[in-house]
Amino acid sequence: MSTSSGRARGLGTDFDRWLGRLFRKGPFTALIVLVRIAQPKVEPLRSTFVHVIGDAIDWGDIALMLRGAGVNWDGAAFFPTRDDDGGLVPDETARARLRELETALRGNRLVLNEGAFFDVWGRTLKVEEA
């Protein structure tokens, strides 16, 4: 695993900067996977999706929301997805895409790198092959 430098002076976390850049293109649906990291293993724990309709939230808000999953997690991967018109996807579509993502992760944990992967402090993570 590797992490970035985290909070830059006055710019928030890596997550905050990622969300700001992504949201410039408008609302989206985010598939989220929480993981436990016990090097060299990365174990998916829970998954969900959320519709992101504004960028007024920050990493602290997201971390608080993710605490509701009821598990101790070390990382959260976000996979933005949009419908054909570039907006939110219907719940049914989000659920189907989430199941596809879970299947892909069972076969290869490196799939986490295809999303935006963050540690509990909102710093960027990357899974590296052992």
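This is a predicted model: local features need pLDDT of at least 70, side-chain atom pairs count only at pLDDT 80 or more; totals for chains, interfaces and linings use all residues.
Colleague: Which residues in α1 are buried?

Modeller: They are Asp14, Phe15, Asp16, Trp18, Leu19, Gly20, Leu22 and Phe23. Take Trp18 as an example: leaving aside neighbours within four places in sequence, Trp18 is in contact with Phe78, Pro80, Ala116 and Phe118.

Colleague: How should I read a nonpolar core, and which residues have the most contacts inside the largest one?

Modeller: The general idea is that in soluble globular proteins, nonpolar side chains tend to be buried together. Here the largest nonpolar core has 21 residues, and Phe15, Trp18, Trp59, Leu66 and Phe78 have the most contacts inside it. Two or more residues come from each of α1, β2, β3, α2, β4 and β5. With 5 residues, α1 gives the most to this core. There is also a second, separate core of 17 residues, which includes Phe49, Phe79, Leu105 and Val127.

Colleague: Now the helix α2. Which of its residues are buried?

Modeller: An α-helix has 3.6 residues a turn, so residues three or four places apart point the same way. In α2, the buried residues are Trp59, Ile62, Ala63 and Leu66. Looking down the axis of α2, you find its buried residues within an arc of 100°, so they line one face of the helix. On the other side of α2, Leu64 and Arg67 are exposed.

Colleague: What covers the buried residues of α2, and what does Asp58 do at the start of the helix?

Modeller: The cover includes α1, β2, β4 and β5. As for Asp58, one of its side-chain oxygens reaches to within 3.1 Å of the backbone nitrogen of Gly60, at the start of α2.

Colleague: Let's turn to the strands. What is the order of the open sheet?

Modeller: In general, strands of a sheet pair through backbone hydrogen bonds, either parallel or antiparallel. In this model the open sheet has 4 strands in the order β3-β2-β4-β5, and the pairing is antiparallel. At the edges are β3 (41-52) and β5 (116-119), each pairing on one side only. From one strand to the next, the twist averages 20°.

Colleague: How many bridges join β2 to β4, and how many join β4 to β5?

Modeller: There are 7 bridges between β2 and β4, and 4 between β4 and β5. You can follow individual partners in the picture. Ala30 has Pro80 in β4 as its bridge partner. Towards β5, Gly75 is partnered with Asp119, Ala76 stands opposite Phe118, and Phe78 stands opposite Ala116.

Colleague: Are the residues of these strands buried or exposed?

Modeller: Strand β4 is mostly covered, with 6 of its 7 residues buried. In β5, Ala116 and Phe118 point one way while Phe117 and Asp119 point the other way, and all are buried.

Colleague: Which strands does helix α3 lie across?

Modeller: Helix α3, residues 91-107, lies across β2, β3 and β4, and its angle to β3 is about 165°.

Definitions and conventions. Residues are numbered from 1 along each chain as its sequence is written. Side-chain values use heavy atoms; hydrogens and water are left out. Two strands pair if DSSP finds at least two bridges between them. Axes are lines fitted to C-alpha atoms, for helices over the stretch in contact, and angles run from 0 to 180 degrees between N-to-C directions. Contact means heavy atoms within 4.5 Å. Buried means under 20% relative accessible area, exposed over 50%, partly exposed in between (1.4 Å probe, protein chains only). A nonpolar core is a set of buried Ala, Val, Leu, Ile, Met, Phe, Trp, Tyr and Cys residues joined through side-chain atoms within 4.5 Å. The arc is that of the directions from the helix axis to the C-beta atoms. A polar contact is a pair of N or O atoms within 3.5 Å; within protein, one must be able to donate a hydrogen and the other to accept it, and residues adjacent in sequence count only if both atoms are side-chain atoms.
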